[in-house]
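Please walk through the fold of this protein.

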Amino acid sequence: LKFFRQRSAALKGAGAVSRSGPEPTSRPEFAGTVPSSLDMRYVTLPLFLFFSQAFGAKIHQVSRRSRRNASRLALWENVEAKRLPFEGLGALSAGASSRLLQDYPEAQRNEILDLLFKPQYGASLQVLKVEIGGDTQSTDGSEPSHMRYRGETPDCSRGYEAWLLQEAKARNPLIRTYALAWGVPGWIGNGTFFSEDNIHYHVSWLKCIKERYDIDIDYMGLWNEMPWGDVWYVFDLASAIKDAELSTQLVLLDQASSTASADFLSLFRRDERFQELVAAVGLHYPCVSDPKLLDALEAHPHTRFWSSEELSTVADWGGAGCWGRMINQNYVRMKATSSIAWSLIWSVYPNLECFGNGLLYAYEPWSGHYEVMAPLWTSAHTTQFTKLGWNYLPVGDAAGLLPEGGTYVTIASSDLSDFTIVIETLTGRCMYHDGCFHTKTPQEVQHLEFQLSDNL
């Protein structure tokens, strides 16, 4: 709790939250423009609350209002088999969205990187997803390939994604890493993406990152927002990764959809070997659940569901509301155990497509100016008070919808000695799915009382 202090205005209508913890002793100096409402010591977001036993707060009820008027929510951890792993909140550097960051003066560049990756500081990101460059236009520019012609010695230092991985790992050695291609050079398969050439291309990038930077890429997808390919390709890619003595696991589908493709689901249900190779199914901007996918995953809990690209909304308070709402609701509505925002940072020129996305704005390296945006703090409400390796407690037992709109989730350590509850009633409009549940507004003030089980 050292970076946050209760402000009564932000809690109006939601009751008070009593908590303990040291007051901050210092705050960072920012070269960029940081609105006073984003002061790191006193940051609050309207109607976005959290409390955490893990950081010294012994909370046994949220509302101090009359018990007679409060909605009582009993929190129960259920059996361990019913809990899902908390696999972190992250952000995505892709489509050239981080291009100008490397050009910033060292002092300001380090401040920005600390705000993104330093644990219990700013966004405190737990996952970093990056593009595997392919010399192809991928949104706001092209990111360089590590192999521009057949037989070239791989050079993964081109561009800035390997550098960014290195900087993130230096600040948080436990951050999880995830890579995905938007495209590949034309020599791959003589224009055929799903080919033996491409298997070699992807594995050579993984090996280069490992050998040059001593970074293991935890997860890798196949092809951004494109067909997932054929089963032979998945089998051969997984085999090549294993033969290279790498630990990278595969994520499918990385499709911009609320539903998994029928051919994938059919294969996943019937092929146990295929199931074992898929660590997670990732969809982009899902918003609503896919019952067929959830049923398939329920039968094979080794494979989780992720919102593997999320947000993509202007980083004002509305965008912050979208992101904060989806962090909770992706789990409550879809059992997503990880959510990843695009973009990590808006560090390309402001006249390009999709301007306004990002946890920070940093597109003036010549002056060193940058802006800390509101979605950074919606991330912090979860990331600063949780750890990878904790578990989401089950929906219906310790997570769910609030009576007048909004959600709550509970994330706990394996032994239940530490836990965090995050409550949101945010209404910011997302850019997809007609805002994604942004229109529900409460008809009256919500008074909540949480009753904890004996083990919490």
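Two strands pair if DSSP finds at least two bridges between them. Helices (H or I, at least four residues) and strands (E, at least two) are DSSP runs, numbered from the N terminus. This is a predicted model: local features need pLDDT of at least 70, side-chain atom pairs count only at pLDDT 80 or more, and totals for chains, interfaces and linings use all residues. Residues are numbered from 1 along each chain as its sequence is written, and side-chain values use heavy atoms, with hydrogens and water left out.

Begin with the barrel. Eight strands close into it, in the order S4-S5-S6-S7-S8-S9-S10-S11. The pairing is parallel. Strands of a sheet pair through backbone hydrogen bonds, either parallel or antiparallel.

Take the pairs in turn. Strand S4 (residues 89–93) runs parallel to S5, with four bridges between them. Here leucine 92 stands opposite lysine 129 of S5. S5 also pairs in the parallel sense with S6, over six bridges. In that pair, valine 130 faces alanine 179 of S6. Leucine 283 has serine 307 in S10 as its bridge partner.

How covered is S5? Six of its six residues are buried, so S5 is mostly covered. Buried means under 20% relative accessible area, exposed means over 50%, and partly exposed lies in between (1.4 Å probe, protein chains only).

Now follow the chain between strands. S4, helix H1 (residues 106–117) and S5 make a right-handed β-α-β unit. S5, H2 and S6 make a right-handed β-α-β unit as well. A crossover is right-handed if, with the strands pointing away from the viewer, the path from the first strand over the helix to the second runs clockwise.

H3 touches S5, strand S6 (176–181) and strand S7 (219–220). Contact means heavy atoms within 4.5 Å. The direction of H3 makes about 130 degrees with that of S5. H4 lies across S7 and S8, at about 145 degrees to S8. Axes are lines fitted to C-alpha atoms, for helices over the stretch in contact, and angles run from 0 to 180 degrees between N-to-C directions.

Which residues are buried in H5? They are Phe264, Leu265, Leu267 and Phe268. These residues lie on the same side of H5 because they cover an arc of only 165 degrees around the axis. The arc is that of the directions from the helix axis to the C-beta atoms. Ala262 and Arg270, on the other side of H5, are exposed. The cover over the buried residues of H5 includes helix H4 (231–243), strand S8 (249–255), helix H6 (272–277), strand S9 (278–284) and helix H7 (291–298).

Turn to the cysteines. A disulfide is a covalent bond between the sulfur atoms of two cysteines. Here the criterion is a pair of cysteine sulfur atoms within 2.5 Å. The structure holds three such links.

One of them joins cysteine 156 to cysteine 208, with an S to S distance of 2.1 Å. Cysteine 156 lies in the loop between strand S5 (127–132) and helix H2 (161–171), and cysteine 208 in helix H3 (residues 196–213), so the pair ties together parts that are 52 residues apart in sequence. The torsion about the S-S bond of cysteine 156 and cysteine 208 is about -80 degrees, so this disulfide is left-handed. Both cysteine 156 and cysteine 208 are buried.

Another joins cysteine 287 to cysteine 436, S to S 2.0 Å. Cysteine 287 sits in the loop between S9 and H7, and cysteine 436 in the loop between strand S17 (419–424) and strand S18 (448–452), so the pair ties together parts that are 149 residues apart in sequence. With 115 degrees about the S-S bond, the link of cysteine 287 and cysteine 436 is right-handed. Cysteine 287 and cysteine 436 are buried.

Cysteine 322 and cysteine 430 also form a disulfide, with sulfur atoms 2.0 Å apart. Cysteine 322 belongs to helix H8 (residues 317–334) and cysteine 430 to the loop between S17 and S18, so the pair ties together parts that are 108 residues apart in sequence. The torsion about the S-S bond of cysteine 322 and cysteine 430 is about 105 degrees, so the disulfide is right-handed. Cysteine 322 is buried, at a relative accessible area of 0%. Cysteine 430 is buried too, at 2%.

In sequence order, the bonded cysteines of the chain pair as 1-2, 3-6, 4-5. Cysteine 354 counts as partly exposed, at 29% relative accessibility.
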